[in-house]
Amino acid sequence: MADTKVEKIFEQDEMILSEFDKSWTPRELLSKEEIFFLKDVVKVLNLDINKVKKKAKEMENNGKASWEHMGTRKIWSHWMVRMKVFAPYYKKHLIPKVKPVDPNWDGNELLGQKGKFLLTEVCKKLPFTSHQIRYQANKNKNARSEFGMWKDKDLNAFVVDMEKFSPWIKRLWAGDFRN
């Protein structure tokens with residue numbers, strides 16, 4: 001019997017298109033070393049599928065293999081995700097900058113949260129309009145460090161960081177309107 005060497009085509013994590021479990025948390029999904037359909041992955045990670053596809057296409061147009069650098073590619077009519085490569089890319093480039101405002105929170109609960117949120121979503125829970133708050137941000141060149149709000153160029157929207165924003169709102173509501 002002749003000793004034949006088998007050419008390696010697939011990496012170990014590329015061998016099987018895995019069944020997707022809808023109950024996985026983002027952390028559980030990102031820890032997998034398997035291949036999945038992009039349509040399933042974006043649901044769990046709350047991503048815009050078109051933005052992911054666009055980034056992969058841009059990468060390909062710039063001469064980089066998106067499968068190797070991002071963990072995504074289109075095979076026939078299906079977009080695939082190689083989680084072993086996609087997870088680190090996601091953590092570095094795709095994690096949302098802002099958290100969603102829970103619709104069940106009231107203003108007090110929202111102001112007790114940590115993290116960054118869109119100003120327009122925050123103002124839906126507060127007795128201030130986003131216009132009033134944006135005006136204050138535009139008026140003060142130190143609004144980010146003093147009030148915890150700024151216009152994010154990537155999002156093209158105002159963002160608030162609750163660590164600074166919440167104490168400022170509490171001060172305003174107590175009647176202290178000095179800048």
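Guide: β5 and strand β6 (residues 157-161) are paired in the antiparallel sense, over four bridges. Strands and helices here are DSSP runs, numbered from the N terminus (E, at least two residues, for strands; H or I, at least four, for helices), and two strands count as paired if DSSP finds at least two bridges between them. This is a predicted model, in which local features need pLDDT of at least 70 and side-chain atom pairs count only at pLDDT 80 or more, while totals for chains, interfaces and linings use all residues. Residues are numbered from 1 along each chain as its sequence is written, and side-chain values use heavy atoms, with hydrogens and water left out.

Within the pairing of these strands, Met149 has Val160 of β6 as its bridge partner. The whole sheet is open and has three strands in the order β4-β6-β5, with antiparallel pairing. Its edges are β4 (116-118) and β5 (149-152), each of which pairs on one side only. On average, neighbouring strands of this sheet are turned by 35 degrees against each other, direction ignored. For angles like this, axes are lines fitted to C-alpha atoms (for helices, over the stretch in contact), and values run from 0 to 180 degrees between N-to-C directions.

Helix α10 (residues 162-173) lies across β4, β5 and β6, and runs at about 85 degrees to β6.

Is Trp168 buried or exposed? With a relative accessibility of 2%, Trp168 counts as buried; the cut-offs are under 20% relative accessible area for buried and over 50% for exposed, with partly exposed in between (1.4 Å probe, protein chains only). Leaving aside neighbours within four places in sequence, Trp168 is in contact with Ile133, Gln136, Phe147 and Met149, where contact means heavy atoms within 4.5 Å. So Met149, the bridge partner of Val160, turns up again among the residues that Trp168 touches, and Trp168 is buried because its relative accessibility is 2%.
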